[in-house]
Amino acid sequence: LSMYRLLFFLLIALSSFGTVSADSIFVDAGIAYKIIDANTVNVVEQQDRSVFSQTLKDSVLVVPASIQHNGKNYKVKCIEKGAFSPWWGMNRVVISEGIEELQDDVFTGCANLRSVAIPASVTKIGANVFAYCISLSSIAVDDHNPIYDSRNGCNAVILTKSNSLVCACKSTVIPSSVEENRSDAYVGLPIEAINIPVGVIHIREYAFNNCKE
């Protein structure tokens, strides 16, 4: 009897799981979201790019920190790997306060992207986030971010504790306080010349991979 009862509950659990996963992804204003739990969603890749280009206002992408779906409010915590790669329709990106993580390749290949604003809440940034963003010239991290900064208006993302350059763009000016360039910081950017301060003691392998003017 106990074995039959166990099988019964397992079937119910599997059935419930299937129902949840079928409705776990939805699209709002061209941005795709995946339901993670009862209160949280992540931004994921949207396959229909034509829908996205039609709903993007003035070529500005605002990634919200909360979204409503089926009458329920969700917090947006993470932009998952490759979510906007490569979307050509955006010139400017504003990541709303409350989002905590940018995974790998989030904006890779966004050729027309020119400026990005990163809030204080973002505490984890993956690899190649702005790789091949050949038009990007402005990166600004909120002054209250405890992990990253854009000190001295350098147009870059710097890991504050280790003074490591994490993300750069074609107009980045490396501050003298920076000690290291991460391996993916400049990947695919149109760099003709760069001034590396004497304070930089470590440039990781492939740091300037595919940099062409």
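This is a predicted model: local features need pLDDT of at least 70, side-chain atom pairs count only at pLDDT 80 or more; totals for chains, interfaces and linings use all residues.
Tutor: In it, the side chains of K34 and E80 form a salt bridge, 3.1 Å from N to O.

Student: Where do K34 and E80 sit in the chain?

Tutor: K34 is in strand β2, and E80 is in the loop between β6 and β7. They are 46 residues apart, so the pair links distant parts of the chain.

Student: Is K34 buried, partly exposed or exposed? And what about E80?

Tutor: K34 is partly exposed, at 26% relative accessibility. E80 is buried, with a relative accessible area of 15%. That value counts as buried because the cut-off is under 20%.

Student: How many salt bridges does the structure hold?

Tutor: It holds 5. One of them joins the side chains of K77 and E100, at 3.1 Å from N to O.

Student: Which parts of the chain does the K77 and E100 pair link?

Tutor: Distant ones: K77 belongs to strand β6, while E100 lies in the loop between β7 and β8 (101-102). The two are 23 residues apart. K77 is partly exposed at 26% relative accessibility. E100 is also partly exposed, at 36%.

Student: What does D184 pair with?

Tutor: With R182, in a salt bridge whose closest N and O atoms are 2.8 Å apart. D184 is buried, with a relative accessible area of 9%. R182 is partly exposed, at 22%.

Student: Why can such side chains pair at all?

Tutor: Side chains of opposite charge can pair when their charged atoms come close.

Student: New topic. Which residues touch the most other members of the largest nonpolar core?

Tutor: F84, F107, L113, I118, I125 and F130. That core has 38 residues.

Student: Which elements give two or more residues to this core?

Tutor: The elements are β2 (31-35), β3 (40-44), β4 (60-63), β6 (72-79), β7 (92-95), β9 (115-118), β11 (138-141) and β14 (164-167). The largest share comes from β6, with 3 residues.

Student: Why would nonpolar side chains gather like that?

Tutor: In soluble globular proteins, nonpolar side chains tend to be buried together.

Student: Let's zoom in on F107. What does it touch?

Tutor: Leaving out residues up to four places away in sequence, F107 touches L61, F84, S85, M90, V93, I95, L113, V129, F130, A131 and C133. Of these, F84, L113 and F130 are also named among the core residues that touch the most other members.

Student: Now the backbone. Is the peptide bond from S85 to P86 cis or trans?

Tutor: It is cis, with omega near -15°. P86 is in the loop between β6 and β7.

Student: What about phi at N70?

Tutor: N70 has a positive phi of about 50°, although N70 is not a glycine. This residue is in the loop between β5 (66-69) and β6.

Student: Is N70 buried or exposed?

Tutor: Exposed, with a relative accessible area of 64%.

Student: And N152, what is its phi?

Tutor: Near 60°, again a positive value in a residue other than glycine. N152 lies in the loop between β12 (148-149) and β13 (157-159).

Student: Is N152 buried or exposed?

Tutor: N152 is exposed, with a relative accessible area of 73%.

Conventions
Residues are numbered from 1 along each chain as its sequence is written. Side-chain values use heavy atoms; hydrogens and water are left out. A nonpolar core is a set of buried Ala, Val, Leu, Ile, Met, Phe, Trp, Tyr and Cys residues joined through side-chain atoms within 4.5 Å. Buried means under 20% relative accessible area, exposed over 50%, partly exposed in between (1.4 Å probe, protein chains only). Helices (H or I, at least four residues) and strands (E, at least two) are DSSP runs, numbered from the N terminus. Contact means heavy atoms within 4.5 Å. A salt bridge is a side-chain nitrogen of Lys or Arg within 4 Å of a carboxyl oxygen of Asp or Glu.
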